[in-house]
Amino acid sequence: MHADIRSPWLSIVLLLIVLFSSTTLAAKGHIEIESFQLKESGKRFYIDVQADIGLSKTMKQALKKGVDLYFVTRLLIMKPRWYWLNEEVARYKERTTLSYQALTRQYRLVQRGQSQNFPTLKAALQALGHQPDLLIREHTPLLPDTTYTAVLQVWLDVSRLSKPFQLEWLDTQDWNLISEKKIWQVTFPPTPEADNESDYR
């Protein structure tokens, strides 16, 4: 009998915990890399990235006040060396600017030299998270049958904000917006099934 009485209350408590966790996540903002794939085209290598990006309430307010937000997507290709630090042999790094246009009430993304307008923040963030065909720049040729370590991450670059703004706003964790690193072993030319996350120290 006691179990029957407690059961509804237990369900309500669990529901409140889930709702509170979801609300907290939305309030703080988040970046989660959902998928990624290395591929080859015309003897060049590219990566497709799909990320779920949400802004904190503070970020949304700043955006509406005319503050541009800068997001960085970076992929490093490392060659392990037993005798020294791992060698960076290739990378992709791009900064995307998200802004709000008060006159037109639209959000704007500037990426890879091109700008695009969106009617809602949700649409702009969806486009920001969908990044296909990112060209990987090789420092040294990527050799076949050689195992490399790939490190992928997406974050909000607060260092690009103006100093007065940083002093006023950046004393809060609301601006700590960075994805977990996706780390995996890859050989070239890559295959879709080779994109597996693994530990990297």
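With which side chain does the side chain of Gln111 make a polar contact? I will come to that residue in a moment, after a word on the model.

What we have here is a predicted model, in which local features need pLDDT of at least 70 and side-chain atom pairs count only at pLDDT 80 or more, while totals for chains, interfaces and linings use all residues. Residues are numbered from 1 along each chain as its sequence is written, and side-chain values use heavy atoms, with hydrogens and water left out.

The chain comes to four helices and 10 strands, where helices (H or I, at least four residues) and strands (E, at least two) are DSSP runs numbered from the N terminus. Of its 201 residues, 37% count as buried, and here buried means under 20% relative accessible area, exposed over 50%, and partly exposed in between, with a 1.4 Å probe and protein chains only.

Now to Gln111, which is found in strand S5, residues 106-111, and is buried at a relative accessible area of 16%. Its side chain makes a polar contact with the side chain of Gln131, at 3.0 Å; a polar contact is a pair of N or O atoms within 3.5 Å, where within protein one must be able to donate a hydrogen and the other to accept it, and residues adjacent in sequence count only if both atoms are side-chain atoms.

A polar atom of the side chain of Gln153 lies 2.8 Å from the backbone oxygen of Ser179. If we set aside residues up to four places away in sequence, Gln153 touches several others, including Ile33, Val72 and Ile178, contact meaning heavy atoms within 4.5 Å.

Strand S9 runs antiparallel to S10, and five bridges join the two; strands pair if DSSP finds at least two bridges between them. One of the positions to look at is Val151, whose bridge partner in S10 is Ile183. Four of the five residues of S10, residues 182-186, are buried, so this strand is largely enclosed by the rest of the structure.

For contrast, let us turn to the surface. Trp82 sits in the loop between strand S3 (69-79) and strand S4 (87-101), and Trp82 is exposed, with a relative accessible area of 82%.
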